[in-house]
Amino acid sequence: RDLEQAAQLPNPDNIIREQEIWDALNRHQTPTLEEVRRILRKARSNALLEHTQTAPQDEFVQALDLEEAATLLNIPADNHELMNELYATALEIKQRIYGDRIVLFAPLYTSNWCTGSCLYCAYRGANLDMHRTSLTKEQLVAEAQALQRNGHKRIVMLCGEHPNYSFEQFVDDLLTVHSVKSEPHGEIRRINVEIPGLSITDMKRLKATNAVGTITLFQETYHRETFRTMHPYGPKSPFNWRILNMDR
């Protein structure tokens, strides 16, 4: 069954079509005032659903197309009039959708063992000066209780990728934290996870815990050349594997 689902994954080359993006950026290097304002009006109307009486079935009807996005990206930074109109439109959309709400979450690192080569990360395997460890069950419970005492109801659990800390261990740690309740603070209401890319089988196992709010996976960059430079080797280095994670 998993093999059948894997065969249905999209072609990674069709997800980020770099040449099309560069071509669009080059076509719209000198956007006019009228073009920018028309696109901003459309962005506002789409985001606030002014063109429909019901919520759309497809979120992409609210988006700008490639040509429009390229036009906005080409607004000269020193054109303060247009830049301020762009900021004002973005702020209005944000305020109408989110208001002044700010959602905070606290990170809980379960292990800093990692074989990754990410050049921007202190946890990378080549950093031999870092002391490596994984939290024990007792430490996990103590950390969860400390977060609860400080009023945190949302956390993100993170780990690296290394044989010394398996996916099975992470799932076990996830369930441990999910079970912690301390009076009078209660429990962590939402546990998001930020972990290495998973197979379809492991994605199913993670979902089956019923303990995960959201899974996040940073691509860092969608520019293939930059991605190769920043991840020269290791499990995160294959661009296609990484970008298909959410499809899996």
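Ten helices and six strands make up the protein. The model is a predicted one. Of its 248 residues, 33% count as buried.

**The protein as a whole**

- Taken along the principal axes, the box filled by the C-alpha atoms is roughly 60 × 45 × 45 Å.
- The protein exposes about 15400 Å², and carbon and sulfur atoms supply 54% of this area.
- Among contacts with a separation of 6 or more, 67% are between residues 24 or more positions apart.

**Helix α6**

- Helix α6 covers residues 137–149, which is 13 residues.
- At 1.5 Å a residue, α6 should span 18 Å, and this agrees with its end C-alpha atoms, which are 18 Å apart.
- Leu140, Ala144, Leu147 and Gln148 are the buried residues of α6.
- Down the axis of α6, these buried residues fall within an arc of 100°, so they line one face of the helix.
- An α-helix has 3.6 residues a turn, so residues three or four places apart point the same way.
- The exposed residues Glu138 and Arg149 are carried on the face of α6 turned away from its buried side.
- After α6 comes Gly151, which has a positive phi, near 90°.

**A cis peptide bond**

- Between Glu183 and Pro184 the peptide bond is cis, and its omega is near 0°.

**Positive phi in residues other than glycine**

- Asn210 is not a glycine, yet its phi is positive, near 55°.
- Asn210 sits in the loop that lies between α8 (200–208) and β6 (215–216).
- Asn210 counts as exposed because its relative accessibility is 67%, and the cut-off for exposed is over 50%.
- Glu220 is also not a glycine and has a positive phi, of about 70°.
- The loop between β6 and α9 (224–230) is the place of Glu220.
- Glu220 counts as partly exposed because its relative accessibility is 43%, which falls between the cut-offs of 20% and 50%.

Key
Residues numbered from 1 in each chain as written. Predicted model: local features only at pLDDT ≥ 70, side-chain atom pairs only at ≥ 80, totals over all residues. Heavy atoms only, no water. Helix = DSSP H or I, 4+ residues; strand = E, 2+ residues; numbered from the N terminus. Expected span 1.5 Å × (residues − 1). Buried < 20%, exposed > 50% of the residue type's maximum accessible area, 1.4 Å probe, protein only. Arc of directions from axis to C-beta. Contact = heavy atoms within 4.5 Å. Areas by Shrake-Rupley, 256 points an atom, 1.4 Å probe, with all protein chains shown as cover.
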